[in-house]
Amino acid sequence: VSVQAENLIQSNASLEQRFQREFILGTKFTLENILALYADPHFTPVLADPWGYELGAELIAFKDVTLRAGLFQNANVGFVGARTRGFSAGAGWAGPRLSIDYAFTRSLGSTDSPDAFTHAFGATMYF
């Protein structure tokens, strides 16, 4: 469990860039080292609808393969530049010296933003 506060010193300039003060409770539950569940409610006081969340699940399908899925509501989505709702899915593989991850995120749009999606690919080499 963690508590996070973002943009504690909120100014007019930061609000113009959509950097609002936000408080987040981060939680992670692990079941038998096979399934991890994440629930991150957040509160942004300056918004008309100040509550939102991110939910996620991570399943260790094989010793080195992980499957992931998530949902979000009233979340700040960087590639859209607005708060919106949507979902994501992904997978990862971790070898002895290399890990590879892929994720797909779909923003379902709102009055401030259109529907959008992004693909993310990551690779890490261990030395």
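View 1. Leu71 sits in strand E5, residues 65–77; strands here are DSSP runs (E, at least two residues), numbered from the N terminus. This is a predicted model, in which local features need pLDDT of at least 70, side-chain atom pairs count only at pLDDT 80 or more, and totals for chains, interfaces and linings use all residues. Residues are numbered from 1 along each chain as its sequence is written, and side-chain values use heavy atoms, with hydrogens and water left out. With a relative accessible area of 46%, Leu71 is partly exposed (buried is under 20%, exposed over 50%, partly exposed in between, using a 1.4 Å probe and protein chains only). Together with Tyr53, Leu55 and Phe87, Leu71 makes up a nonpolar surface patch of about 340 Å² accessible area. Such a patch joins nonpolar side chains within 5 Å, from residues with over 30% relative accessible area and no salt bridge (a Lys or Arg side-chain nitrogen within 4 Å of an Asp or Glu carboxyl oxygen).

**View 2. Thr84, a buried residue.** Look for Thr84 in strand E6, residues 82–94. Its relative accessibility is 3%, so Thr84 counts as buried. From Ala57, Thr84 is 27 residues away in sequence and 20 Å away in space, C-alpha to C-alpha.

View 3. Eight strands line up as E1-E2-E3-E4-E5-E6-E7-E8 in an open, antiparallel sheet; a pair needs at least two DSSP bridges. Strands E1 (2–6) and E8 (116–125) are the edges: each has a single partner, so one side of each lacks a neighbour in the sheet.

**View 4. Where E2 meets E3.** Antiparallel strands E2 (22–31) and E3 (35–43) are joined by seven bridges. Leu31 has Leu35 in E3 as its bridge partner.

Note on methods: Helix = DSSP H or I, 4+ residues; strand = E, 2+ residues; numbered from the N terminus. Patch = residues over 30% accessible without salt bridge, like charges linked within 9 Å, V, L, I, M, F, W, Y side chains within 5 Å. Areas by Shrake-Rupley, 256 points an atom, 1.4 Å probe, with all protein chains shown as cover.
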